[in-house]
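Please look over the sequence and the model below before reading on. The notes that follow take up strand pairing and then a pocket.

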Amino acid sequence: MQGTKRVTIVCLLLLAVPLLLVGCEKGESDSAKIEATVREGMAAYNARDFEKCLTYVADLSEEKKATLTELLPGLRVMTGLVALVKIENIDIGGSSATADVTGTAQGETRTVTVGFKKQDGSWRVLTEGML
């Protein structure tokens with residue numbers, strides 16, 4: 001059960017992160033856009049707006065989209081609401097970035113290093129190694 005909870009929280013943080021890009025304005029810094037992605041991603045995940053979540057995943061193949069479409073509703077049931085605690089250590093190098101994202105689900109707080117890729121001017125979450 002503990003291992004499942006850890007995987008669930010990691011998956012959640014990595015998948016939910018990219019949703020915030022919708023609200024980003026052109027004048028914002030890349031760091032601000034990444035932070036916005038994390039915040040909106042958590043909000044969309046908590047609202048069960050999984051279709052929106054998937055629009056912000058980098059390099060989303062049809063196979064990966066099908067897998068995530070099946071996975072996200074079950075993850076949301078398992079995790080319940082997820083609270084974003086903090087976003088730290090944003091490191092941007094060209095069109096890739098990482099950030100340490102801390103969130104709480106089911107009373108357990110975890111920090112995960114999330115990878116991002118800039119695609120078409122927007123920061124999207126990387127799911128490499130998850131699927």
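Predicted model: local features only at pLDDT ≥ 70, side-chain atom pairs only at ≥ 80, totals over all residues.

**Strand 2 and strand 3**
- Within this pairing, Thr 102 has Thr 111 of strand 3 as its bridge partner.
- The hairpin that strand 2 and strand 3 form has two residues between the strands, and in this hairpin Gln 106 takes a positive phi near 55 degrees.

**Strand 3 and strand 4**
- Lys 117 has its bridge partner in strand 4, namely Arg 124.
- The hairpin of strand 3 and strand 4 likewise has two residues between the strands, and here Asp 120 is the residue that takes a positive phi near 55 degrees.

**The largest pocket**
- The volume of the largest pocket is about 160 Å³.
- Its lining is made up of Phe 50, Glu 51, Leu 54, Thr 55, Val 57, Asp 59, Leu 60, Lys 65, Thr 69, Pro 73, Gln 119 and Arg 124.
- Helix 3 (50–54) and helix 4 (62–79) each contribute at least two residues to this lining.

Technical notes:
Residues numbered from 1 in each chain as written. Heavy atoms only, no water. Pairing = 2+ DSSP bridges. Helix = DSSP H or I, 4+ residues; strand = E, 2+ residues; numbered from the N terminus. 1 Å grid on protein atoms, 1.4 Å probe; cavity = no way out; pocket = protein on both sides within 12 Å on 5 of 7 lines; lining within 4 Å. Points joined across faces, edges and corners; volume = space filled by probe spheres on them.
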